[in-house]
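Please look at the sequence and the structure first, and then follow the text section by section.

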Amino acid sequence: MTAITAERPTPTATLAVACRRVTKEFGTGDARVQALRGVDLALPPGEMTLLVGPSGCGKTTLISIVAGLLDTSAGEVEVLGTNLTRLSNGQKVDFRRRNIGFVFQQYNLLPALTAAENVAVPLLIAGQPRRAAVAEAHALLHQVGLKERANALPSELSGGQQQRVAIARALIHRPRLLVCDEPTAALDAQMGQNVMELIRGVAVQPDRAVIVVTHDSRVYHFGDRIVRMSDGRIEQVEQHRPEARGGK
Ligand SMILES: Nc1ncnc2c1ncn2[C@@H]1O[C@H](COP(=O)(O)OP(=O)(O)OP(=O)(O)O)[C@@H](O)[C@H]1O
Ligand SMILES: [Mg+2]
């Protein structure tokens, strides 16, 4: 079903994500954890990459670094042609707001806000008037199949519905890089397929890229590329032929 192909080198400037010798350590002394041990990764735009591997192997750490939420201990990270390791904290926040959407492992919805208000948050932070931002949020909730639940609080939504709100929130500012941490973990098989289809459909465009962390082998066929991690390193990159992806 999949083919392992020799990767042709792609010029860095055209890559969506380029990591070079990235390491990350947490803590000091006895509590020191080496979460990433020299990660090299090159992801072209226009693709959905699935990042897989056992619990604790460094998946969340790696995508947090790529999304500019966490600094490297060493190595370089370039996202959409910008070297994140050379940005100040303020520049990084600005870059993230303009270019990156992040769906967290635990959705991180704000409990006191409705679904539509949660989705509107990135636009409100960017200074858009409230009415326009909430109207756009309603349109996006319609797109993810939650039109009828736009005024519900997160506590009134199912796990799958909360996940779709989190995805809508990550997409509302049309990020060029969407990063999702286990978006199907809390979902049944059918809902998992629906969410992956949704992410592919709205986020995979020629000048955009998507990275999805998953444990769920039932959704592997959605990926253009499967990156396997183990113990802080990338073990293998598998590229799916378009025809092997089931015509998606
Ligand atoms: N803030 C932190 N402080 C200390 N150690 C951390 C921190 N975050 C992660 N780690 C450690 O780094 C390693 C990688 O963690 P990470 O969360 O990236 O794994 P993961 O592959 O996402 O796992 P899972 O599939 O369980 O989500 C683990 O050993 C973890 O305990
Ligand atoms: Mg994780």
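## The sheet

In this predicted model, 6 strands form an open sheet of mixed pairing, in the order β6-β7-β8-β3-β9-β10; strands (E, at least two residues) and helices (H or I, at least four residues) are DSSP runs numbered from the N terminus, and two strands pair if DSSP finds at least two bridges between them. The edge strands, each of which pairs on one side only, are β6 (100–103) and β10 (233–239). From one strand to the next, the twist averages 15°.

Strands β6 and β7 run parallel and are joined by 4 bridges, and Gly101 has Leu178 in β7 as its bridge partner. Both faces of β6 are covered, with Ile100 and Phe102 buried on one side and Gly101 and Val103 buried on the other, where buried means under 20% relative accessible area (1.4 Å probe, protein chains only).

## Helices on the sheet and on each other

Helix α2 (residues 89–99) packs on the sheet, where α2 touches β6 and β7, and its direction makes about 80° with that of β6; contact means heavy atoms within 4.5 Å, and angles run from 0 to 180 degrees between N-to-C directions, with axes fitted to C-alpha atoms, for helices over the stretch in contact. Helix α6 also packs on the sheet, touching β3, β7 and β8, and the direction of α6 makes about 140° with that of β3.

Helix α5 (residues 159–171) packs against helix α6 (residues 189–203) at an angle of about 10°, with the two axes 11 Å apart. This makes α5 roughly parallel to α6, a term that applies to angles under 35 degrees. On the α5 side the contact is made by Gly160, Arg164, Ile167 and Leu171, and on the α6 side by Met191, Val195, Leu198, Ile199, Val202 and Ala203.

## The nonpolar cores

The largest nonpolar core has 44 residues, of which Met48, Leu141 and Leu178 touch the most other members; such a core is a set of buried Ala, Val, Leu, Ile, Met, Phe, Trp, Tyr and Cys residues joined through side-chain atoms within 4.5 Å. Among the elements that each supply at least two residues of this core are β3 (48–52), α4 (130–143) and β7 (177–181). A second, separate core of 29 residues includes Leu36, Leu62, Leu80 and Leu84.

## Conventions

Residues are numbered from 1 along each chain as its sequence is written, and chains are lettered from A and ligands numbered from 1 in the order in which they are written. Local features need pLDDT of at least 70 and side-chain atom pairs count only at pLDDT 80 or more, whereas totals for chains, interfaces and linings use all residues, and side-chain values use heavy atoms, with hydrogens and water left out.

Definitions and conventions. Angles under 35 degrees count as roughly parallel, over 145 as roughly antiparallel, 65 to 115 as roughly perpendicular and the rest as oblique. Buried means under 20% relative accessible area, exposed over 50%, partly exposed in between (1.4 Å probe, protein chains only).
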